[in-house]
Amino acid sequence: MKKYDFLILGKNQSILEILIRLVNANENWNAVGFNHEKLAQDYFLENKPDFVLLSSGIEKNIEEEFTEFCLKIHPDVEVIEHFGGGSGLLQSEILDRLYKKGKL
């Protein structure tokens with residue numbers, strides 16, 4: 001199975017750390033997280049991850065601008081708005097995207 005790279009953007013540091021840990025628990029997934037969109041943009045330009053997870057605390061306009069930025073640079077990136085619901089929901093959201101793209 002292919003290894004997938006994730007960029008996680010969220011303003012709540014404790015939730016961000018939990019999401020990074022949950023994603024990295026899967027041996028085929030690798031996540032890095034940022035609590036500032038400029039740092040996340042710089043990372044995105046250098047690495048072009050497969051997934052972008054948007055977590056809590058991001059202002060609506062920042063969320064929209066960051067999503068637009070990501071899709072303009074890397075149109076195949078999967079952007080998921082994840083604002084809670086537990087690890088099962090997160091994994092389901094990711095697996096659903098992979099399935100819909102025919103990558104499972």
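## Overall architecture

The chain contains 4 helices and 4 strands. Read from the N terminus, these elements follow the order β-α-β-α-β-α-β-α. The radius of gyration is 13 Å, close to the 13 Å that the globule rule gives for 104 residues, so the chain is as compact as a globular protein of that length. The model described here is a predicted one.

Along the principal axes, the C-alpha trace spans about 30 × 30 × 20 Å. Of the 104 residues in the chain, 39% are buried. When contacts between residues at least 6 apart in sequence are considered, 72% of them join residues at least 24 apart.

## Packing of helices H2 and H3

Two packed helices are described by the angle between their axes and the distance between the axes. For helix H2, residues 37–47, and helix H3, residues 60–73, the angle is about 10° and the axes lie 11 Å apart. Angles under 35 degrees count as roughly parallel, and H2 and H3 are therefore roughly parallel to each other. On the H2 side, the contact is made by Glu 37, Ala 40, Gln 41, Phe 44 and Leu 45. On the H3 side, Ile 62, Phe 66, Phe 69, Cys 70 and Ile 73 take part. The residues of this contact divide into 8 nonpolar, 1 polar and 1 charged.

Glu 37 is found in helix H2 and is one of the residues in the contact with H3. Its relative accessible area is 17%, and Glu 37 is therefore buried, since the cut-off for that class is under 20%. Leaving aside neighbours within four places in sequence, Glu 37 is in contact with Ile 62 and Phe 66, and also with Leu 9 and Lys 11.

Lys 48 is placed in the loop between H2 and strand E3, which covers residues 51–54. The backbone of Lys 48 has a positive phi of about 45°, although the residue is not a glycine. With a relative accessibility of 41%, Lys 48 counts as partly exposed.

His 74 is located in the loop between H3 and strand E4, residues 78–81. A relative accessible area of 18% makes His 74 buried. Beyond its neighbours within four places in sequence, His 74 is in contact with Phe 44, Lys 48 and Pro 49. Phe 44 also belongs to the H2 residues that make the contact with H3, and Lys 48 lies in the loop between H2 and E3.

## Arg 97 in helix H4

Arg 97 is placed in helix H4, which comprises residues 87–100. At a relative accessible area of 26%, Arg 97 is partly exposed. Leaving aside neighbours within four places in sequence, the contacts of Arg 97 are with Phe 51, Glu 78, Val 79 and Ile 80.

Arg 97 and Ile 80 are 17 residues apart in sequence, and their C-alpha atoms are 8.9 Å apart in space.

Conventions
Residues numbered from 1 in each chain as written. Predicted model: local features only at pLDDT ≥ 70, side-chain atom pairs only at ≥ 80, totals over all residues. Heavy atoms only, no water. Axes fitted to C-alpha atoms, helices over the stretch in contact; angles between N-to-C directions. Helix = DSSP H or I, 4+ residues; strand = E, 2+ residues; numbered from the N terminus. Parallel < 35°, antiparallel > 145°, perpendicular 65-115°, else oblique. Contact = heavy atoms within 4.5 Å. Nonpolar A, V, L, I, M, F, W, Y, C, P; charged D, E, K, R; others polar. Buried < 20%, exposed > 50% of the residue type's maximum accessible area, 1.4 Å probe, protein only. Rg over C-alpha atoms; globule rule 2.2 N^0.38 Å.
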